[in-house]
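Here is a walk through a protein structure, taken one step at a time. Please keep the sequence and the 3D view open while you read.

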Amino acid sequence: MNFKKLVCLALALVTALSLTACGGSETEEAQQPADGGAADAAPADTIVIGRAYDSDNLDPVVQVGNYNIWILDLMLEGLVQCTDDGSAVEPCLATDWTVSDDGLTYTFNLKEGLCFSDGTPVTGEDWVFSFERAMSMPDESWYFTVENIASVEAPDDTTFIVHLKEVSAATLPNLSMWTCGVQSKAYYEQVGDEGYVNGFIGTGPYMLTDWSKGESMTFEANPYYHIEGQPVTKNILMRVIADDNSRVMQLQSGDIDVAINLSMDSLYQLESDDRVVVDPSTSCETRFLALNTSNEYLSNPKVRQALSMATDPTTITSVATYGYGEVASTVLPTVSAYIDPSIPVNQQDLEGAKKLLAEAGYPDGFSLDLMICSGKTVEESIATLVKEQWAQIGVDVRICSYEKVTYTDNLYGLNFDVVVDYWTDDICDPSEFMEYLCDFDLCSGFDTNYKVEGIEELNDQASRELDETARKELYYEIQQRIADAYIYIPICTIPYANAESVNISNFVQTPLGNLRLATMTKTAG
Amino acid sequence: MKVKVTARGGVRRLSLWQRSPSLVMGLVIVAVAVFVAVFPQLLTSADPYASDQAAMLLGPSAQHWFGTDNYGRDLFSRVVYGTRIDLLIGLGCVAVPFVFGSLLGLIAGYYGGKVDAIIMRVLDVFMAFPFLIMVIAIVAILGPGTRNLLIAMWIVGWKEYTRLIRSEVLVAKQSEYVQSARTMGYSDLRIMLRHILPNVISSAIVYAASDIVMCMGTAASLSYLGIGVEPTTPEWGAIINGGKSFINSAWWITVIPGAVLAVVGWGFSMLGDGLSDLLRADTH
């Protein structure tokens, strides 16, 4: 009996305590906005960003994966950088540059008085070290960005010279990549390759001060940053919140200020919440159907054209992306400056498609497997709508949803009929994607097992063409030839699904995915 | 004698409801489900596959009783047409293991010795793998789709029936009627099928009724994991899976099919419970 009484008493005490505790926090919360108002909406010190995955490797040369790439720009800068809208390259640590007459030597003048985030000055030695480290690792994924560099030299701390192996149109875009960012040589010598996985010292607006793997990353403003008055916000906390719904709820409740990696349907649902601003950022992430020409039916160009005519990418885009996506006319990202304007967005023509199918010898249609990766909502929506549209010309689609590993195996093994395929640019230049599209051996004609006549040569030419107009013409020709082969059905480019609380401003994500947060602020209240 | 007769008469006068209310309730629910599965077109005129851009994510209303999903498809018709698929999966998953599992159990129990040892060790191997993991592995090898899902469920589903029947056969084969059948010189086959099987099958039948519920649940969870039926199929688990990202704003996509799945599952469970009541009453 006594024991029971004791337990009861203890329980009552705990309840009472927790009630007072709650009361306490409530009054505190209630006071905060009032304080903020009094201080004339002073910007907050810390901004919390919720994302779906943690990074796994911050070594600029070795890392792969968006969860690393997206945050590298916070800490790392190079000679040049891609603009916020992803359309061009602009100066960053270099103020200006000259190109030799033969196009093989680039001489950069650097900003004076540059310091790393630990306060040590940036020397020519650091520049040479950073480039030579990237150039010494030919097996890494980003080696293509430095492949064309023959050598680099730094005659003094404000001049940096890059010697190329051959003339290339993509030199500046390549130099804007993270492989060409300047890092502290002294820090590298201290920690080595293993330590580099956990971060490096660069000149970017922020520095990584704490990383609890799988949970959060803490960034603090770089006190030596070379732009006066930036970064505006002192601390940025990146929290890993894997579940989409949880990220949405934490954003709504104010536990986090920005939610990234959301899904299109979360964005759509957040539209009605006035505490939150939906901010779909333009991206280079495309979705298109790739037709595997190893398939008996799909080897027939008339069949491919008929399927293309039966597809209505405009409807698919508006339903699958809730109108956030942009319907595509070619497989290039819609933000690209190299899209051939003479190729129209595909228009659905069911009668024409039926006629073509009959001419091809399949008046009653046939059946095809459409492969998607399971758990991806946009892909699943695209597949669902394609099935509905193709059924109207008698083509019976079986949607095969595989988990990631099987999906990738099937994709590389060309073990599918049609796939909802994707591409994401990493560099603000069409050269990376064009290489994959035009070099048949890289990925079996980009998952189609079809060699488009002459595009490999055209691409070689384009990569060396320095005249912008002539280069565009070459890329137009490639796109035209690909379109005439009917091996892809372009669908859309989907945006990065971000949402912020209303008091956040200047949250920037470039179309390549890089987070630019130097001017981001949060007003209190 | 007189007492016995009244007692029997008393038993006979009890209605089915009085003898086993759960059986009646289960029967009613299952009967309704079967009716819906056989005549879905009587209940709804909407096409469960037809998307409508103008009607995305609408809540329950007079026009769309269960609301619409993110493609603007009518959820009521999807749930109604889904009944056939889920019942077929439930029954289809159970029928094959029920027959083959029971036969294997009969053989193992009756012959004993080496035959028993081989069957039971194979069974142990299957037992060692967790049910769901095994199904996922098989579906991954065979590829997704309803047919392969059924095959996967057959491969893992037989072992309970074998165990159940084997243990009953071990008891039954010692009984007098089997001994006398042996003395009469009946063949093994005749003794097994005509004399032992009818006496041991009731426990397997009761188990099967609850197994249907489990199979429907498993199929639904596989669809939820994205490796069950083909994505556009209006299977209940697949509908729930499709709605999970809308749980904050469009609860009807997950909650209504979930409730329907729960009610039908409950119905089968009650049916199994009632059957066991009935069979137990008969044997006593």
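**A guided walk through two chains**

At 3% relative accessibility, Arg78(B) counts as buried, where buried means under 20% relative accessible area, exposed over 50% and partly exposed in between, using a 1.4 Å probe and protein chains only. This is a predicted model, in which local features need pLDDT of at least 70 and side-chain atom pairs count only at pLDDT 80 or more, while totals for chains, interfaces and linings use all residues. Residues are numbered from 1 along each chain as its sequence is written, chains are lettered from A and ligands numbered from 1 in the order in which they are written, and side-chain values use heavy atoms, leaving out hydrogens and water.

Let us stay with Arg78(B). Its side chain meets that of Asp69(B) in a salt bridge, 4.0 Å from N to O; the term stands for a side-chain nitrogen of Lys or Arg within 4 Å of a carboxyl oxygen of Asp or Glu. Asp69(B) is buried too, with a relative accessible area of 4%. Side chains of opposite charge can pair when their charged atoms come close.

Over all chains, the structure holds 23 salt bridges. One of them joins Asp257(A) and Lys522(A), whose closest N and O atoms are 3.0 Å apart. Asp257(A) lies in the loop between helix 6 (244-253) and strand 11 (258-259) of chain A, and Lys522(A) in strand 21 (residues 521-522) of chain A, so the pair ties together parts that are 265 residues apart in sequence. Helices (H or I, at least four residues) and strands (E, at least two) are DSSP runs, numbered from the N terminus. Both Asp257(A) and Lys522(A) are buried.

Now look for the nonpolar interior. In soluble globular proteins, nonpolar side chains tend to be buried together. A nonpolar core is a set of buried Ala, Val, Leu, Ile, Met, Phe, Trp, Tyr and Cys residues joined through side-chain atoms within 4.5 Å. The largest one here has 122 residues, and those with the most contacts inside it include Leu307(A), Trp390(A) and Ile196(B). Helix 11 (residues 188-224) of chain B gives the most to this core, with 14 residues.

Leu307(A) leads us to helix 8 of chain A, as it is one of the buried residues there. This helix (residues 301-310) is mostly covered, with seven of its 10 residues buried. Leaving aside residues up to four places away in sequence, Leu307(A) touches Leu298(A), Leu368(A), Trp390(A), Ile393(A), Val395(A) and Ile489(A); contact means heavy atoms within 4.5 Å.

Finally, how do the two chains meet? There, 21 residues of chain B are in contact with 24 residues of chain A. Chain B and chain A bury about 2,000 Å² between them, 52% of it on carbon and sulfur atoms; buried area is the accessible area (1.4 Å probe) that two parts lose on being put together, summed over both. Tyr71(B), Pro144(B) and Pro231(B) supply 26% of the area that chain B buries against chain A, more than any other three residues. The rule finds one salt bridge across this interface. Glu230(B) forms a salt bridge with Lys387(A), with 2.8 Å between the closest N and O atoms.
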